[in-house]
Amino acid sequence: MQVIILSSAHDVAVYAADRVVDVINTKKNPVLGLATGSTPIALYEELVARHHSRQVSFRQTVSFNLDEYIGIADSHEQSYRTFMNQHLFNAIDIMPTNTHVPLAQSKEVAVLKKSAQDYEASIQQAGGIDLQILGIGLNGHIGFNEPTSSFASRTRIKTLSESTVAANKRFFKAGEYQPELALTMGIGTILDSRAVLLMATGKAKAEAVKAMIEGPISAMCPASALQLHEAATIVLDEEAASLLALKEYYQWCELKRQQLHEGSLI
Ligand code: F6R
C-alpha cells in the first residue's frame, strides 16, 4: 500500500483531485468508481472548481458509485443518487447517462438481485474501473461491505451493521424511515479496479485506518482487503494517521518515491 500523510483534510482532497484528473487526462474512456459520505465532499468541490476553471472536462467519463440504500426513491433527499447529483454530477459536464448508482428502489428481492447482476455487467461493459475512490467506515467498512463480508463478494444486497445505521442517523430527520439494507459493490468488485484511492480524515477514523494498514488481513476489517491490491493508495490527514506505528516510515517512503520520480535517488 502507498500511504500518504498530508497536513490537512483540504490537502487530502487536492491530492485525490489530482489523481482523478490524471486518470481523466490520460485515459481515452476513463471509468471512475465514486463514493458518497462526508469525506469525498471536499474532493467533489475541488473537481467542480477545476471544471469551472476549465482545467478538466468529464465529457468522456463514465462513473459507477459504490452503493445505494434499498427501499428509498432515487429522488429521496438522502439517496446516494441525490447526493451525487447535488455534490458533483449537476455541476460538471458528465453525461447523465454515463453516471451509474446502483438501482435499489425496489423492495422485491428478485428485482434487486437482477439489478446487482446488471450493475456488475455494466462495469464490465465499460471496461472495468480505472480508479475507485473510497472512504472508510468507523468499523472498517468499504462501500457497505460490513465486517465479515467476503473478500470475494460481488454487488449484492447487504444488511447494514448497527454501527453504520447509527453513524448515518445524523442524515435522517427524526421519525423518518432510515434504510437498514443497501445494494453495494462487493469487496471482490472493488479489488478488480485497476487502482484504488481511499481517503480518510479526522481522529474518529484513526482506529479503522490503523486496522486497515497495519492490522492482519481480516474480514473483521473489510478495508484490510486493500492490502491485497497492487495499486492501493491510502491518503490521510495527520489525525487519521495518528495511531499508525510506522508513520515516519511511510513519510520516508514518500520522500524516496519523489526522489526516484525526479531521478535523484542516490
Ligand atoms: C459511501 C460508502 C461508505 C463511506 C464510509 C465513510 O458510498 O461507501 O463506505 O465511504 O461510510 O463515510 P464518511 O465519509 O461519511 O465518514
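Reader: What volume does the largest pocket have?

Author: Rolling a probe the size of a water molecule over the atoms shows where empty space is left. Here the largest pocket has a volume of about 670 Å³. Of its 34 lining residues, T36, G37, S38, N168 and R170 are the closest to the centre. Two or more lining residues come from each of β4 (67–69), α3 (80–87) and α5 (162–168). A pocket is an open set of points on a 1 Å grid over the protein atoms alone, with protein on both sides within 12 Å along at least five of seven lines; a cavity is a set where a 1.4 Å probe fits but cannot get out; lining residues have an atom within 4 Å of a point. Points are joined across faces, edges and corners, and the volume is the space filled by probe spheres set on them. Helices (H or I, at least four residues) and strands (E, at least two) are DSSP runs, numbered from the N terminus.

This is a predicted model: local features need pLDDT of at least 70 and side-chain atom pairs pLDDT 80 or more, while totals for chains, interfaces and linings use all residues. Residues are numbered from 1 along each chain as its sequence is written, and side-chain values use heavy atoms, without hydrogens and water.

Reader: Which classes of residue make up the lining of the largest pocket?

Author: Ala, Val, Leu, Ile, Met, Phe, Trp, Tyr, Cys and Pro count as nonpolar, Asp, Glu, Lys and Arg as charged, and the others, Gly among them, as polar. The lining has 13 nonpolar, 17 polar and four charged residues.

Reader: Which residues come nearest to the ligand?

Author: A residue is near if one of its heavy atoms lies within 4 Å. Of the 14 residues around the ligand, T39, D67, H141, G143 and K205 come nearest. A polar contact is a pair of N or O atoms within 3.5 Å. Ligand oxygen atoms lie 2.8 Å from a side-chain N or O atom of T36 and 2.7 Å from one of H141.

Reader: Where are the cavities, and what lines the largest cavity?

Author: The structure holds one cavity of 30 Å³ or more. The largest cavity has about 30 Å³ of space, and its lining includes L32, F58, T61 and I94. That lining divides into seven nonpolar, two polar and no charged residues.

Technical notes: Polar contact = N/O pair within 3.5 Å; in protein donor to acceptor, adjacent residues only side chain to side chain.
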